[in-house]
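Please read the following with the sequence and the 3D view side by side. The text goes from one region to the next and ends where the two chains meet.

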Amino acid sequence: MLAPVSAAPTVARHRRARRGDRVLLAWCALLTVAMLGPLARPGYVLSYDMVAVPDQALLPSSVGLSSAMPRAVPLDAAVAILDDVLTGQVLQKLALAAIVFGAALGAGRALPDVRTGTRLVAASAYGWNAYMFERLVIGHWPTLIAYAALPWLLILGRRVRAGRTTALAPAVLLVGVSSLTPTGGLLAAALFGALVLAPGGRQPTRTRVVAAAAVLLLQAPWVVPSVLRPDPAVSDPAGVAAFAAAADSPLGLLGSLLTLGGIWNDGAVPDSRELASAVVLTVLLLALAAAGVTELRRHLGRTELTVLGVLAAAGLLVAASSALPGGDTVLEWLVSEVPGGGLIRDGQKFLAWYALPVALAAAAGAARLARAVTRRRVAAGIMVAAALAPIAALPDLAWGAAGRLEPSRYPAAWADVRTAIDGDGGDLVVLPYQPFRRFPWAGDRTVLDPAPRYLGVEAVVPDALPVGGDTVVPGEDRRAAAVAAALETGDAAEELATLGVGWVAVERDTPGELPDGLLESLESVEINGTLDLYRVSGDIGTWTRIPPAPPVIAADIVFSVILVVASADLARNAFSRRRGSLRSLMS
Amino acid sequence: MGNFGGVVAAIVGVVLAGLTVVTAVNVSQPSDAGEVSHEELINYDDN
């Protein structure tokens with residue numbers, strides 16, 4: 001007789017939880033559509049560093065076997081493989097949608113045992129904020145992959161600490177996907193590694209060792225080519241000032257960072273950040289977060305809160321470091337002397353660690369405020385207002401960041417040129433020899449030149465970055481610098497051949513200088529007035545100052561094997577769980 | 001307490017709604033972000 005009486009509340013609670021899950025899913029889908037709806041049109045989204053092409057080729061440089069710093073390694077290899085299955089266009093849009101949806105849903109699920117309203121507030125606050133806007137517009141979608149993974153890694157880390165070893169495989173997969181770029185790898189590995197290795201927890205020592213080893217080895221594809229490149233993996237200290245966080249709102253630098261903005265590039269800042277009304281709404285959200293900190297302690301426990309708190313403080317410290325006394329000096333030393341130290345310039349990206357606890361605390365703060373009100377309708381109104389506040393504070397993130405993210409189509413001439421280039425006979429240089437472009441067919445927006453990825457051949461890409469009108473931050477690629485010097489000489493064609501350059505493409509519809517007399521000394525291959533292609537005649541040399549191939553390829557094999565094993569373990573666990581539930585239904 | 005809470009919530013609601021409208025109206029105003037400069041070196045932070 002007792003069983004039905006005690007089971008009834010459990011069933012009701014279960015139903016309520018499932019209804020809450022559906023509401024959260026619908027809300028996250030709505031946020032995603034509201035933000036990225038215009039991207040459903042055909043075309044490729046091109047914005048600053050965000051470049052997508054129809055069919056990226058898998059080249060040695062995709063895994064770091066080139067003279068350039070491996071900044072998009074192994075991302076370029078992953079894109080080259082996946083776009084054969086999905087096409088570049090579908091892959092880009094799926095990735096962007098998964099980032100927004102995944103970030104919001106993860107944050108909505110990260111707080112255990114809370115009501116649906118609280119989860120909706122967490123989803124809005126984490127999925128719809130200035131960090132998301134600025135990193136989307138500047139095109140740092142690989143960093144946003146890690147940003148979206150953080151709340152899931154918090155959940156999975158919690159399960160691993162509770163002794164559920166089946167949570168290890170999905171966490172390793174998420175760290176792997178985040179580690180497609182160095183910054184993403186650092187963001188994800190630090191959170192999951194700290195959670196699994198922190199004292200306490202029921203996970204066996206073997207799980208700690210396996211998790212730590214996997215997280216470290218997943219960084220090998222970018223660490224190995226960085227360490228083994230013949231030229232030092234250090235950057236120019238001028239990048240510290242050029243890419244330092246900057247105030248993007250009337251709240252000053254600290255206020256901008258605390259409200260998740262402050263990117264160095266004012267071209268990527270939402271217009272609404274300057275409005276007093278938006279500032280008030282953003283500060284109210286921050287006040288909710290302050291009110292929710294004590295609640296967080298109750299929901300997350302000491303270890304999780306400590307890990308989140310330490311990383312949030314570290315993120316804020318790195319982001320604000322150039323404004324601190326002596327901060328510039330320390331950063332410049334790190335960037336110019338420590339291999340890989342260049343990763344910490346543009347420190348605002350590390351606010352990702354701070355964004356998660358702030359979003360969760362804002363949700364907990366809203367719930368606390370709602371609990372303080374006696375009327376249920378008023379309490380519900382508070383939660384609805386809190387869930388809508390992030391959108392109201394940043395309305396220009398809606399509809400493709402108010403038009404800044406919209407698909408563009410490549411001119412047909414680009415496909416003709418790709419066809420005209422055969423794989424042999426040297427690498428490619430694209431003119432004007434500067435990293436950024438402004439095409440009329442892409443809304444005249446500033447974008448990293450897509451041609452090196454589009455044309456399917458190894459390219460020498462200029463990596464000296466012009467910033468702010470009067471600064472050029474020198475790059476790390478000696479071959480790119482040698483090509484720049486060659487283009488200034490009288491016999492540029494011969495110099496290019498010596499440097500291993502066999503092809504020159506000229507983009508005619510973007511601003512920039514062309515070297516005097518060079519094109520006349522080249523052989524015309526495809527001249528269409530949009531993207532012209534020329535052949536460099538003579539003996540084409542080979543550039544040999546690249547990382548050694550065997551260890552780099554070994555690092556990629558290790559990375560792939562870890563992902564395959566984790567995927568197999570995930571599938572096996574899912575299969576066992578399904579078989580277990582079927583058996584319990586039958587018995 | 002209940003009535004007082006309701007009144008405060010209503011005032012806060014009106015203020016928030018006002019702020020939202022002001023923000024939305026302001027960001028929909030055309031800005032000069034779309035203007036193209038024609039200097040030859042394109043900066044990383046050009047609009």
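A surface patch, as the word is used here, is made of residues with over 30% relative accessible area and no salt bridge, and nonpolar side chains are joined into one patch within 5 Å. The structure shown is a predicted model.

Which residues form a nonpolar patch on the surface? They are A:Leu82, A:Val85, A:Leu86, A:Val90 and A:Leu94, and together they have about 430 Å² of accessible area. Two helices of chain A, α2 (75-86) and α3 (88-110), each supply at least two residues of this patch. The largest share comes from α2(A), with three residues. A:Leu82 is found in helix α2 of chain A. Because buried means under 20% relative accessible area and exposed means over 50%, A:Leu82, at 41% relative accessibility, counts as partly exposed.

The loop between α2 and α3 of chain A holds A:Thr87. A:Thr87 is not a glycine, yet it has a positive phi of about 75°. Its relative accessibility is 40%, so A:Thr87 counts as partly exposed.

The peptide bond that joins A:Val73 and A:Pro74 is cis, with omega of about 0°. Another cis peptide bond goes from A:Leu431 to A:Pro432, where omega is near 0°. A:Pro432 is found in the loop between β3 (427-431) and β4 (436-438) of chain A.

A positive phi also occurs at A:Asp346, which is not a glycine; the value there is about 55°. A:Asp346 has its place in the loop between α14 (327-337) and α15 (352-371) of chain A. Is A:Asp346 buried or exposed? With a relative accessible area of 9%, A:Asp346 is buried.

A:Arg404 is a further loop residue, placed between α17 (398-403) and β2 (407-408) of chain A. Its relative accessibility is 18%, and therefore A:Arg404 counts as buried. What is A:Arg404 in contact with, leaving aside its neighbours within four places in sequence? Its contacts include A:Gly267, A:Ala268, A:Val269, A:Pro270 and A:Asp271. A:Ser47, A:Phe133, A:Val137 and A:Arg445 are also in contact with A:Arg404.

The last region is the interface of the two chains. Here 26 residues of chain B are in contact with 41 residues of chain A. How much area is buried between chain B and chain A? The area is about 2700 Å², and carbon and sulfur atoms give 62% of it. On the chain B side, B:Ile42, B:Tyr44 and B:Asp45 lose the most area to chain A, together 31% of what that side buries.

Polar groups also meet across this interface. By the rule for polar contacts, nine residue pairs are found between chain B and chain A, both residues at pLDDT 80 or more. The count of salt bridges between chain B and chain A is one. A:Arg438 forms a salt bridge with B:Asp46, and the closest N and O atoms are 3.5 Å apart.

How values were computed
Residues numbered from 1 in each chain as written. Chains lettered and ligands numbered in written order. Predicted model: local features only at pLDDT ≥ 70, side-chain atom pairs only at ≥ 80, totals over all residues. Heavy atoms only, no water. Patch = residues over 30% accessible without salt bridge, like charges linked within 9 Å, V, L, I, M, F, W, Y side chains within 5 Å. Areas by Shrake-Rupley, 256 points an atom, 1.4 Å probe, with all protein chains shown as cover. Salt bridge = Lys/Arg side-chain N within 4 Å of Asp/Glu carboxyl O. Helix = DSSP H or I, 4+ residues; strand = E, 2+ residues; numbered from the N terminus. Buried < 20%, exposed > 50% of the residue type's maximum accessible area, 1.4 Å probe, protein only. Contact = heavy atoms within 4.5 Å. Buried area = accessible area lost by both parts, 1.4 Å probe. Polar contact = N/O pair within 3.5 Å; in protein donor to acceptor, adjacent residues only side chain to side chain.
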